[in-house]
Amino acid sequence: MTSQIAGAPQPGDGESGGEKSGRRGTVRYLKDEAVPSAPRMLLGYVLRNRRTALGLKLQEVALRTGCSSSKLSRIESGHHAFKEKDLLQFFTVYEVQDGEQQRILLGLAEIANQPTWWQKWSAVAQPYLQAVVSFEDMATRTKASSAQLLHGLLQTPAYAEALIRRGRGGNGVHDALLALRRERQERFASAPDKILIVVIYEAAVLHAVGNPEIMAEQMDHLVDLSRKRNYQLRLAEQGRYDLPVELGTTTIFDFEGRVPKVAYQESVDGALFIQDEELVDYREKLFDRLRARSLGPVATRRKLQHLADKYRSPKLL
C-alpha cells in the first residue's frame, strides 16, 4: 500500500487546499502557456495544501525560509525547479516530520527535475498535450470516457494518422505527433503496473474516422486490447436512458495515494486540468456510474466485433 503524502487532502478532512476556505485544489485551463510536468504540478499542489492547512500566508513562509514570495508562488504552481534544501526547509515550516512522507516528497522532487522522454516533441506538441503525457506517465490507474473519438492509447496507427493529419500543421508536424502517439502507446503497453479503464460511448465507434477499412481494423484492435490485463473496456450503448452521458470526454489520473487525483477535459484548442478534490471526486463518481451501467466485457467485445463486420460490409451500417 502506498503512503499518503502529508498535506494531501484526506476524504472527509477539514483541511483547505486553496486560498479560499472550503476549496481543496485548483482548476487550470491550459492552452499555449508553458506547462509544468505532472510531478512538479502535483508536488506544488501538495505544498500549497500543507501551507494553507496550517493557515500560513506566502509572505510568512517567505520570511521563515528566506525565499521570495514570487519564488514560492512559482514552486506551488509547478513552474520552478525543486531543490532539496528548499524542501528540507518546507518540512520544518510545514511540520512534515514523518520520515516516509519526507522520502516520498524528495523522490517526487527528484523525478520532477529529471529530463522528460517527450522533450524532443516539445516543439510540435501543444503544452496541454505534454501535460497529459506527463500525468499519463506518472499515473498507475487511468479512467477515461471517450464520447466522440477514441482515447489516444486505444487508437490503431491508421486511425491515429487519419485523425492527426486532418488537424493543424504540415506533414512534418503530423509525422512528429504520430511518432509521439506510438511512443506513448508502447510505453503504456510495456508498463507492468499500469491500468487503463475506458468507457467508450457508442457514438465514438459509430463516428467514422478515415474510411470503413480503418474503422474495421480499429474495432478488431479494441477487441484484442480488451483481452489484455492492463486494458479494461466497456461500451456505453446509445438509446439508454440511465447513462450519465453528461460526463462527456473525461480522463481521471490516479496515483494510488502518492498525490491527489487529477481530472482532465480536452477542448478543440486547450484543456482543463482539475485538481480540486470535490470536482475530481464528482467526476469519478459519474464515471463509475457510467461504467457500471455500460455493457460488460464480453458483451462489449461482441458489440465491437459486430461493428467490425458491419464496417467490412458498409451497406449494413
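## Basis and overall make-up

This is a predicted model, in which local features need pLDDT of at least 70 and side-chain atom pairs count only at pLDDT 80 or more, while totals for chains, interfaces and linings use all residues. Residues are numbered from 1 along each chain as its sequence is written, and side-chain values use heavy atoms, with hydrogens and water left out.

The secondary structure of the protein chain comes to twelve helices and seven strands, where helices (H or I, at least four residues) and strands (E, at least two) are DSSP runs numbered from the N terminus. Of the 317 residues in the chain, 51% are buried; buried means under 20% relative accessible area, exposed over 50%, and partly exposed in between, with a 1.4 Å probe and protein chains only. The chain exposes about 15,000 Å², of which carbon and sulfur atoms supply 50%; these areas come from the Shrake-Rupley method with a 1.4 Å probe, and for residues only the protein chains shown count as cover. Among contacts (heavy atoms within 4.5 Å) between residues at least 6 apart in sequence, 76% join residues at least 24 apart.

Five of the five residues of strand β5 (residues 250-254) are buried, so the strand is largely enclosed by the rest of the structure. In a regular strand the side chains alternate between the two faces of the sheet. In β5, Thr250, Ile252 and Asp254 point one way and Thr251 and Phe253 the other way, and all are buried.

Strand β2 (residues 141-146) pairs with β5 in the antiparallel sense over five bridges, pairing being assigned if DSSP finds at least two bridges between two strands. Within this arrangement, serine 145 stands opposite threonine 250. Strand β6 (residues 262-266) also runs antiparallel to β5, joined to it by three bridges, and alanine 263 in β6 is the bridge partner of isoleucine 252. Threonine 251 itself has a relative accessible area of 7% and is therefore buried. Leaving aside neighbours within four places in sequence, threonine 251 is in contact with Thr142, Lys143, Ala144, His151, Val262, Ala263 and Tyr264.

Helix α1 (residues 38-53) has 16 residues and reaches 22 Å from its first C-alpha to its last, close to the 22 Å expected at 1.5 Å a residue; the expected span is 1.5 Å times one less than the number of residues. Because 14 of the 16 residues of α1 are buried, the helix is largely enclosed by the rest of the structure. Just after α1, glycine 55 takes a positive phi of about 75°.

In soluble globular proteins, nonpolar side chains tend to be buried together. A nonpolar core is here a set of buried Ala, Val, Leu, Ile, Met, Phe, Trp, Tyr and Cys residues joined through side-chain atoms within 4.5 Å. The largest such core has 37 residues, of which Phe90, Tyr94, Phe135, Phe255 and Phe273 touch the most other members. At least two residues of this core come from each of α1, α2 (58-65), α3 (69-77), α4, α5, α6 (127-138), β6 and β7 (271-274), and α1 gives the most, with six residues. Phenylalanine 135, apart from its neighbours within four places in sequence, is in contact with Ala38, Met41, Leu42, Phe253, Phe255, Val262 and Phe273. A second, separate core of 28 residues includes Leu153, Met215, Ala216 and Leu233.

## Alanine 308 in helix α12

Alanine 308 is found in helix α12 (residues 297-312) and is buried, with a relative accessible area of 0%. Not counting residues up to four places away in sequence, alanine 308 touches Ala216, Met219 and Asp220. Alanine 308 and valine 205 are 103 residues apart in sequence, and their C-alpha atoms are 9.8 Å apart in space.

## Two loop residues

Arginine 165 lies in the loop between α7 (157-164) and α8 (171-190) and is partly exposed, with a relative accessible area of 30%. Its side chain makes a polar contact of 2.7 Å with that of glutamate 161 and another of 2.5 Å with that of aspartate 175. A polar contact is a pair of N or O atoms within 3.5 Å; within protein, one must be able to donate a hydrogen and the other to accept it, and residues adjacent in sequence count only if both atoms are side-chain atoms. The C-alpha atoms of arginine 165 and aspartate 175, ten residues apart along the chain, are separated by 8.6 Å.

Glutamate 95 is placed in the loop between α4 (84-93) and α5 (99-112), and has a positive phi of about 60° although it is not a glycine. Glutamate 95 is partly exposed, with a relative accessible area of 48%.
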